[in-house]
Structures are given as C-alpha cells and as structure tokens.
Amino acid sequence: MSSRANPSSMRSLGDVSDLEVIDPVDLAARLMEIDSTSGREGSVIDWVHGFLGGREWSVRRIPVSEGRDDVFATAGPADPLPRVTLSTHLDTVPPFIPPRIDGDVLRGRGSCDAKGIAAAMICAAERLRARDIHVGLLFVVGEETAHDGAHAANEFARMAFRDQSGDSRVLINGEPTDSTLAVGTKGAMRVFIRVSGEAAHPASPHLGRSATRDLVHLLAELDDLALPHDDLLGATTVNIGYLAGGVADNVMAPEAEARLMIRLVTPADEVWQAIERWANGRASIERGPTVPPVRLGVFPGFATSVAAFATDIPELLNWGRPHLFGPGSIHVAHRHDEHVRIDELRRAVDAYEQLVLAALT
C-alpha cells in the first residue's frame, strides 16, 4: 500500500528547536517536500539553514547566484574548520515528484539523488557530534546543471583552508553508488551542435537545404565514432539528450540543433578533438560545461564500484582528498520511479559514521 510521507513527521521536523534524535527517512521526506529543481533551490537552502541552526549547528551561506546559496555547517561557531566534510547536492532534476512511502521504499524526486543522502549525512554528523567528533556539512546547488554551487564552494574552501595542509582534509561526497565506495567516476562534457540550412518549399527541395535532415545524418555517425576506453572506468559514452529544428511541416528547416552529454573516461581534450574531426565543418560545435574523470580513495571493509557518472568532486578538490559513497542506485535516479530502500537509507547513517572515523585514523 502506498502513502504520502507522514505529515506529522513533517511538522515535527519543521520545529527546528526540537533536538531529539531524527529519523533519516522523515528528514529525507521533509527535504523532498520542497521543490528544488536546479535553479530553484532557494527554499530548500533556507529550510536546511533554519533546521541546522535550530539544532545548534553554526551555519554559513556561500553565495552562488541571485537567490541561490550553498550551506556549510560546523558543530559550533568556535570550532576550527573540519578535517572531514560530508557533502552532497540539494538540487534535483525536473519534474518535481513529492515523496511517498511505498512499503519498504521511499519514492519521489531526490529520494536517492540526493536528498536521502543529505538526510543520512546530517544524522551521521549529529551522532558524531554527540561523541565530540566534529565534521562539516556542505550542501550545494547546481550539481545537475553547471556545477556552479561546487565552483562557489571550492573558492570558499580555497580561502578558508589556505593556511592548512590539504593532505590532512577529507571530502566524503554523496551520490547513489548502491552503498559502495567508488574507486573512480566518469567525467562529463556537454556539446552543443548547430546546423544551418535554407528555407524553401519542400515541393522544390533543390531551392533549399534541410538543416534537420543534415543534422540527423550527422548524428547517425556517432555510433561509429572511435572514442577512448579506460581499463578502470570503461567506455566513453554519448547521449543525444535534446533535438530541435525547423519551423513547419511544409518548410525545409533553416536551422536545427542537438545537445550531447558525453561521459568521459580520459582527458576531455582527447574527446573534443574526436568531436571536431567528426563535425568537420558540417556543423558549428560548442563545448559546454565539462567535468573530468577522477580516481578516488577507498577504505578497508567497504565494497567498491566504478561510478559511470559525473559528480561535483572535481570542482570540490580544495575540500580535501575525495571519496564517494551513497545509498540507492543511479539506475533509478532521474526516473519517474526514483526511490531508495528505507533499510538502506537508515544503514547509510552507520556507513557515513564509519567513513568519517576511518578518515580520521
């Protein structure tokens, strides 16, 4: 039987003065109730700021763009900057899907990518604080688009940590990795492709040129493009995520465009050169936001995996040596049936606690 997440739990979490132990499922559902599609994260950042402040965390805002901030919290205003920071993103892809409990599963947008992760991190950090082990909490915006929240947070860390050795700091980033430690992540590069044609009546095709036809033929060649392979990270992959063009059924299209997302396993320049050779003057191409692939650290006792997706990690390296872990599967992220198992989400609190302790030893 399905149900919306418990409204009474929502109200108790809204009372930020309540310092009782919180359930990560309740907290995840409360975060998921707030629509924070990329670019519209202001309300969820305000809520997290108030929630952590009400539980006696020292909270700072890191400006990103108008109406959008990251949140960085430490255990108290007099604390030194933390050696270990738990971090993930609070923006989500569209459309907004509210939370609901479906048996032993929490469903809805952000359940695994990545509001459930944020909730588990907060619960782990509170447990550690109760043991006088202090960590930082960093929640950023814009991960699903241009990584602008990570850029802003990285600049903040560059200034904040400038007198400390980077070797002593650790960043534990959260993305859905099926509760394994990722040994590496693929990078990502967006590519914008535009083809120009000439409008004409399709009854006289020799008088014009169809940009949509030319673009379709060009994109069909992508399957035969030789792209790099890495022994650890696997194959470079290409997704044609967006197509547009033309003005009417009875007009030869004067223009058309496509947007690609390329998952990188080698330096981006190598792939970009292959894309330039492929286009070969038949289209204008523009290189968009790019994130490089990264090798990551692991700890004994944790199962490992390779993350076939990009993260904020390359833009957060000023926060310390990176690790990647999170409950839930990337296979359901961004889908209408996005979900996380409730028992896995609760176990993630223990896992984040153990990861912090391992990082401090």
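Biologist: How many aromatic pairs does the rule count?

Modeller: The count comes to seven aromatic pairs. The rule takes rings of Phe, Tyr and Trp (its six-membered ring) with centres within 6.5 Å; planes under 30 degrees apart are stacked, over 60 edge-to-face, the rest tilted. This is a predicted model: local features need pLDDT of at least 70, side-chain atom pairs count only at pLDDT 80 or more, and totals for chains, interfaces and linings use all residues. Residues are numbered from 1 along each chain as its sequence is written, and side-chain values use heavy atoms, with hydrogens and water left out.

Biologist: Why is the pair of Phe 72 and Phe 156 called edge-to-face?

Modeller: The centres are 5.6 Å apart and the planes make 65 degrees. The cut-off for edge-to-face is over 60, so Phe 72 and Phe 156 are edge-to-face.

Biologist: What makes this pair a link between distant parts of the chain?

Modeller: Phe 72 is in strand S3 (residues 68-74) and Phe 156 in helix H5 (residues 148-160), 84 residues apart. Helices (H or I, at least four residues) and strands (E, at least two) are DSSP runs, numbered from the N terminus.

Biologist: Why are helices H4 and H8 called oblique?

Modeller: The axes of H4 (residues 115-130) and H8 (residues 342-360) come within 8 Å and cross at roughly 55 degrees. Axes are lines fitted to C-alpha atoms, for helices over the stretch in contact, and angles run from 0 to 180 degrees between N-to-C directions. Under 35 degrees is roughly parallel, over 145 roughly antiparallel, 65 to 115 roughly perpendicular, and the rest oblique. H4 and H8 are therefore oblique.

Biologist: Which residue types make up the contact of H4 with H8?

Modeller: The contact residues divide into 12 nonpolar, one polar and three charged. Ala, Val, Leu, Ile, Met, Phe, Trp, Tyr, Cys and Pro count as nonpolar; Asp, Glu, Lys and Arg as charged; the others, Gly among them, as polar. The contact includes Gly 116 and Arg 127 of H4, and Asp 350 and Glu 353 of H8.

Biologist: And why are H2 and H4 oblique?

Modeller: The axes of H2 (residues 24-32) and H4 come within 8 Å and cross at roughly 135 degrees. That angle falls in the rest, so H2 and H4 are oblique. The contact of H2 with H4 divides into 10 nonpolar, one polar and one charged.

Biologist: How do you know that S10 and S14 pair?

Modeller: Strands pair if DSSP finds at least two bridges between them. S10 (residues 187-196) and S14 (residues 255-264) have 10 bridges, in the antiparallel sense. Arg 194 has Glu 257 in S14 as its bridge partner.

Biologist: What is the strand order in the sheet of four strands?

Modeller: The open sheet runs S13-S14-S10-S15, with antiparallel pairing. S13 (237-245) and S15 (284-291) each have a single partner strand, so one side of each is left without a neighbour in the sheet. Neighbouring strands are turned by 15 degrees against each other on average, direction ignored. Helix H6 (residues 211-220) packs on the sheet, touching S10, S13 and S14; contact means heavy atoms within 4.5 Å.

Biologist: How many bridges join S9 to S16?

Modeller: Two bridges join S9 (residues 181-185) to S16, and the strands run antiparallel. Gly 184 stands opposite Arg 295 in S16.
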